[in-house]
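Reader: I am new to this structure and would like a close look at a single part of it. Please start with the setting and then go to the part itself.

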Amino acid sequence: QIVSRFSRMNVGHVMGMAAPTIRLYPLGNYNFGQKDMRMEKDKSVKERLMRMEQNYNRLGMRRSVFGILLVHNHGHPHILLLQIVNTFFKLPGGRLRPQENEKQGTARKLTSKLGSPIPEYQPQWQVGELVATWWRPNFDNAMYPYVPPHVSQPKERSQYYLIPLPEKCYFAVPKNLKLLAVPLFELFENAKRYGPLLSAIPHHLSRFNWMCM
């Protein structure tokens, strides 16, 4: 077992508090297959924002949830990201249904994105701690880890949950997507490639200890 140096000197240790410890299993423990394509509803960011505005007028603020799935490779944490058309990266997740519970909705979206169509091969998702919340004040790309003081009606709330993985499981990836294991050092402050939200994940995770099994 290896306690990752990534979090050994985190705030919890410095302040004498007990930092949460998460078990990470090797990337090689997991099996990956394919399933039918899942096409994106929008062909561009502009179309997505237009659809968001239409839904906002009917349903109110969009509530989105995403799962942070972690493994380790050679003792360093890696995060599982979906890649679309070789350029766009995202966490598995999506929009909640009206009145849907956040954790139940996260499990549903993970099954939709990565679960096998064969029920006995579907992972039993455990939705863990809320890691981060981002807010979209307007119908544009800008999101913030707070609601700006002049905004009374944000248009979207996006929440990231930690998903502790079992020792082994099977992931079924839509044929039009790729599932990549990206090291945290690659994400760190790399907004140019991964965008500001994903590149901030190493900051959010710094309060955890990783026990690499």
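This is a predicted model: local features need pLDDT of at least 70, side-chain atom pairs count only at pLDDT 80 or more; totals for chains, interfaces and linings use all residues.

Author: Residues are numbered from 1 along each chain as its sequence is written, and side-chain values use heavy atoms, with hydrogens and water left out.

The setting comes first. The protein chain has six helices and twelve strands; these are DSSP runs numbered from the N terminus, helices being H or I with at least four residues and strands E with at least two. Of the 213 residues in the protein chain, 48% are buried, meaning under 20% relative accessible area with a 1.4 Å probe, protein chains only. The C-alpha trace spans about 50 × 45 × 35 Å along its principal axes.

Now the part itself. The largest pocket has a volume of about 1,500 Å³. On a 1 Å grid over the protein atoms alone, a pocket is an open set of points where a 1.4 Å probe fits, with protein on both sides within 12 Å along at least five of seven lines; lining residues have an atom within 4 Å of a point. The volume is the space filled by probe spheres set on the points, which are joined across faces, edges and corners.

Lining this pocket are 43 residues, and Glu40, Arg48, Ile84, Phe88 and Lys90 lie nearest its centre. Two or more lining residues come from each of α2 (45-59), β4 (62-73), β6 (88-90), β7 (93-95), α3 (102-114), β9 (156-163) and α5 (191-199). The largest share, six residues, belongs to α5. By class, the lining has 17 nonpolar, nine polar and 17 charged residues. Ala, Val, Leu, Ile, Met, Phe, Trp, Tyr, Cys and Pro count as nonpolar, Asp, Glu, Lys and Arg as charged, and the others, Gly among them, as polar.

For reference, the second largest pocket has a volume of about 190 Å³. Its lining has 13 residues, with Leu59, Gly60, Met61, Arg62 and Arg63 nearest the centre. There, α2 gives the largest share, four residues.

Conventions. Buried means under 20% relative accessible area, exposed over 50%, partly exposed in between (1.4 Å probe, protein chains only).
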